[in-house]
Amino acid sequence: MKKGVIILGSSNSKGETYEMSAYLRELTGFPIIDLKTKNIGEFDYEFKNADDDFIPLMKEIVEQYDTLIFATPVYWYAMSGIMKTFFDRISDLLKTEKETGRKLREKSMAVLSSASEPELINGFLMPFQESAKYLGMQYVGNVHGWRENGEMPEGVREEIRAFAKKMTGR
Ligand SMILES: Cc1cc2nc3c(=O)[nH]c(=O)nc-3n(C[C@H](O)[C@H](O)[C@H](O)COP(=O)(O)O)c2cc1C
């Protein structure tokens with residue numbers, strides 16, 4: 001069985017994206033890595049942030065997991081800033097940590113998103129799909145959630161169950 005990890009990039013560590021992620025964790029056993037608890041600076045052309053948490057975290061991820069599930073809220077029609085910073089830093093791997101970067105080629109990528117709207121805006125998934133392509137990763141799908149009366153509706157739970165099956169092959 002492929003081992004997955006949920007990489008959570010929300011401004012709220014216990015918010016709506018977390019709630020979806022926690023349900024996925026319950027179904028798959030995949031752990032959650034909360035990017036908000038990490039010290040990950042913006043991409044810098046002189047790699048001034050090279051000593052922060054990004055490189056060790058990425059090494060841990062590529063060594064331990066096969067499927068990277070990026071869990072992000074929709075903020076202004078796009079991935080969260082925390083998630084985008086994480087993606088920008090993947091450029092470090094192409095320049096200074098090439099061995100770790102190369103290992104991404106063996107991995108799969110998927111996306112979990114949470115928004116107020118049930119319809120995921122056109123183009124939202126494109127940066128993930130294109131990044132996967134660029135990095136030689138296999139893009140394996142997404143699940144999208146929203147709230148109704150302040151709660152995760154049963155339809156979203158169902159979608160997460162189907163997604164969990166797909167991610168675990170069970
Ligand atoms: C800064 C900000 C921007 C948002 N932009 C959108 C948006 O463009 N489209 C949308 O459907 N919801 C938007 N929302 C609502 C969130 O996507 C939604 O509440 C999400 O479930 C929040 O997840 P979180 O608790 O992990 O932050 C926005 C919320 C915030 C705080």
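How far does a polar side-chain atom of tyrosine 75 lie from an oxygen atom of the ligand? The distance is 2.6 Å. This is a predicted model, in which local features need pLDDT of at least 70 and side-chain atom pairs count only at pLDDT 80 or more, while totals for chains, interfaces and linings use all residues. Residues are numbered from 1 along each chain as its sequence is written, and side-chain values use heavy atoms, with hydrogens and water left out.

**Ligand site**

- Around the ligand are 13 residues, of which Glu16, Thr17, Val74, Tyr75 and Ser114 come nearest; a residue counts as near if one of its heavy atoms lies within 4 Å.
- The shell consists of 6 nonpolar, 5 polar and 2 charged residues; Ala, Val, Leu, Ile, Met, Phe, Trp, Tyr, Cys and Pro count as nonpolar, Asp, Glu, Lys and Arg as charged, and the others, Gly among them, as polar.
- Threonine 17 has a polar side-chain atom 2.6 Å from an oxygen atom of the ligand, where a polar contact is a pair of N or O atoms within 3.5 Å.
- A nitrogen atom of the ligand lies 2.8 Å from a backbone N or O atom of tryptophan 76.
- The protein buries 72% of the 630 Å² that the ligand exposes when taken alone (Shrake-Rupley method, 1.4 Å probe).

**Sheet**

- Five strands form an open sheet in the order β2-β1-β3-β4-β5, with parallel pairing; strands are DSSP runs of E, at least two residues, and helices are runs of H or I, at least four residues, numbered from the N terminus.
- Strands β2 (32-34) and β5 (138-145) are at the edges with a single partner strand each, so one side of each has no neighbour in the sheet.
- Strand β1 (residues 4-8) runs parallel to β2 and is joined to it by 3 bridges; two strands pair if DSSP finds at least two bridges between them.
- Isoleucine 7 has isoleucine 33 in β2 as its bridge partner.

**Helices on the sheet**

- Helix α2 (residues 54-64) packs on the sheet and touches β1, β2 and β3 (67-73), contact meaning heavy atoms within 4.5 Å.

Conventions: Polar contact = N/O pair within 3.5 Å; in protein donor to acceptor, adjacent residues only side chain to side chain. Axes fitted to C-alpha atoms, helices over the stretch in contact; angles between N-to-C directions.
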